[in-house]
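Please keep the sequence and the model open while reading.

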Amino acid sequence: MKNKIIEALLFIQGSEGLSSEQAQQVFKLNTIQEARRLLRDFKTYFNNLERGIKVLEFNDVFKFLTIESVKDYISDLVTITRKQRLSNAAIEVAGIVAYKQPITRGMISNIRGVVSDGIVSSLLEKGIIEEVGVAQTPGNPILYGITNKFYDYFKIKTLGELPPFPEFNKYSSEEEEEIDKDFNLFDSQRPETDNDGVLISNEGAEYDKF
């Protein structure tokens, strides 16, 4: 039963991984050494199954990673996925990050009322959001913020152009027909900036730096 629990915990933790300290708390073990031994035993057990993913240990943090032999297939899927439009849920998460940045996965999930780790990972892969730091709170969770590709996708120059937060998840659906079907998320369409970081339109008009 413990192996199933650890497998589920590693899946939920995603790229953040599961530390020995966290495992000690979850399983109510007396020492962190017991937790570390439990996780290492699971790593040996799981990796012997020879699946498409494996468990690796990084500085006392255990994570699921894909095996080397499937990387080409993953690259193909990532390429296909990056060309797809964002789902309504992904738009909502992107909006939360934009309005609340810097923000942790846990904070995003609390705002939405549902675990959002998978969507956060998808937005990271698409380059819509990025890691911007580490929170000085227990566990030191990763902080996320938006990237220039966020502006590209929603065709805005500053966050001031976004609708009020509650209406943000409607933003894409209302404008969807105006978005070019061949729009490439990774070809920046933001205007050039001058040396002071002020955005300049094609006509030379300036926009306030956000």
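In which sense do strand E2 and E3 pair, and over how many bridges?

## Basis of the report

The model is predicted, so local features need pLDDT of at least 70, side-chain atom pairs count only at pLDDT 80 or more, and totals for chains, interfaces and linings use all residues. Residues are numbered from 1 along each chain as its sequence is written, and side-chain values use heavy atoms, with hydrogens and water left out.

Strand E2 (residues 53–58) pairs with E3 in the antiparallel sense, over six bridges. Two strands count as paired if DSSP finds at least two bridges between them. The elements themselves are DSSP runs numbered from the N terminus: helices are H or I with at least four residues, and strands are E with at least two.

Within this pairing, Glu57 stands opposite Phe62 in E3. The hairpin has two residues between the strands, and Asn59 takes a positive phi near 50 degrees there. Lys63 also lies in strand E3. With a relative accessible area of 22%, Lys63 is partly exposed; buried means under 20%, exposed over 50%, and partly exposed in between (1.4 Å probe, protein chains only). The C-alpha atom of Lys63 is separated by 8.3 Å from that of Phe11, 52 residues apart along the chain.

## The largest pocket

The largest pocket holds about 700 Å³ of space. Of its 21 lining residues, the closest to the centre are Gly14, Ser15, Phe64, Ser121 and Glu125. Two or more lining residues come from each of helix H1 (2–13), strand E3 (61–66), helix H4 (71–82) and helix H7 (117–126). H7 gives the most, with five residues.

On a 1 Å grid over the protein atoms alone, a pocket is an open set of points where a 1.4 Å probe fits, with protein on both sides within 12 Å along at least five of seven lines; lining residues have an atom within 4 Å of a point. Grid points are joined across faces, edges and corners, and the volume is the space filled by probe spheres set on the points.

By class, this lining has eleven nonpolar, six polar and four charged residues. Here Ala, Val, Leu, Ile, Met, Phe, Trp, Tyr, Cys and Pro count as nonpolar, Asp, Glu, Lys and Arg as charged, and the others, Gly among them, as polar. Domain 1 (1–66) and domain 2 (85–161) each give at least three residues to the lining of the largest pocket. The domain bounds come from an automatic or database domain assignment.

## The second largest pocket

The second largest pocket has a volume of about 390 Å³. It is lined by 18 residues, and Glu16, Ser19, Val61, Gly139 and Asn140 are the closest to its centre. Helix H2 (20–27) and E3 are the elements that give two or more residues to this lining, and H2 gives the most, with three.

The lining of the second largest pocket divides into five nonpolar, nine polar and four charged residues. This pocket lies between domain 1 (1–66) and domain 2 (85–161), because both give residues to its lining.

## Aromatic rings

The structure holds six aromatic pairs. One of them is Phe42 and Tyr45, a tilted pair at 6.0 Å centre to centre with 50 degrees between the planes. Rings of Phe, Tyr and Trp (its six-membered ring) pair if their centres lie within 6.5 Å; planes under 30 degrees apart count as stacked, over 60 as edge-to-face and the rest as tilted. Both residues lie in helix H3 (residues 32–47), three residues apart, about one turn of the helix. Phe42 is buried at 0% relative accessibility, while Tyr45 is partly exposed at 38%.

Phe46 and Phe64 form another tilted pair, 5.1 Å centre to centre and 45 degrees between the planes. This pair links distant parts of the chain, with Phe46 in helix H3 and Phe64 in strand E3, 18 residues apart. Phe46 is buried at 1% relative accessibility, and Phe64 is buried at 17%. Phe42, Tyr45, Phe46 and Phe64 form one aromatic cluster.

## Backbone exceptions

Most residues other than glycine have a negative phi, and most peptide bonds are trans. The peptide bond from Gln101 to Pro102 is cis, with omega near -5 degrees. Pro102 is placed in the loop between helix H5 (88–100) and helix H6 (105–112).

Glu50 is not a glycine, yet has a positive phi of about 55 degrees. Glu50 is found in the loop between H3 and E2 and is exposed at 73% relative accessibility. Asn140, also not a glycine, has a positive phi of about 45 degrees. The loop between strand E4 (129–134) and strand E5 (142–146) holds Asn140, which is partly exposed at 43%.
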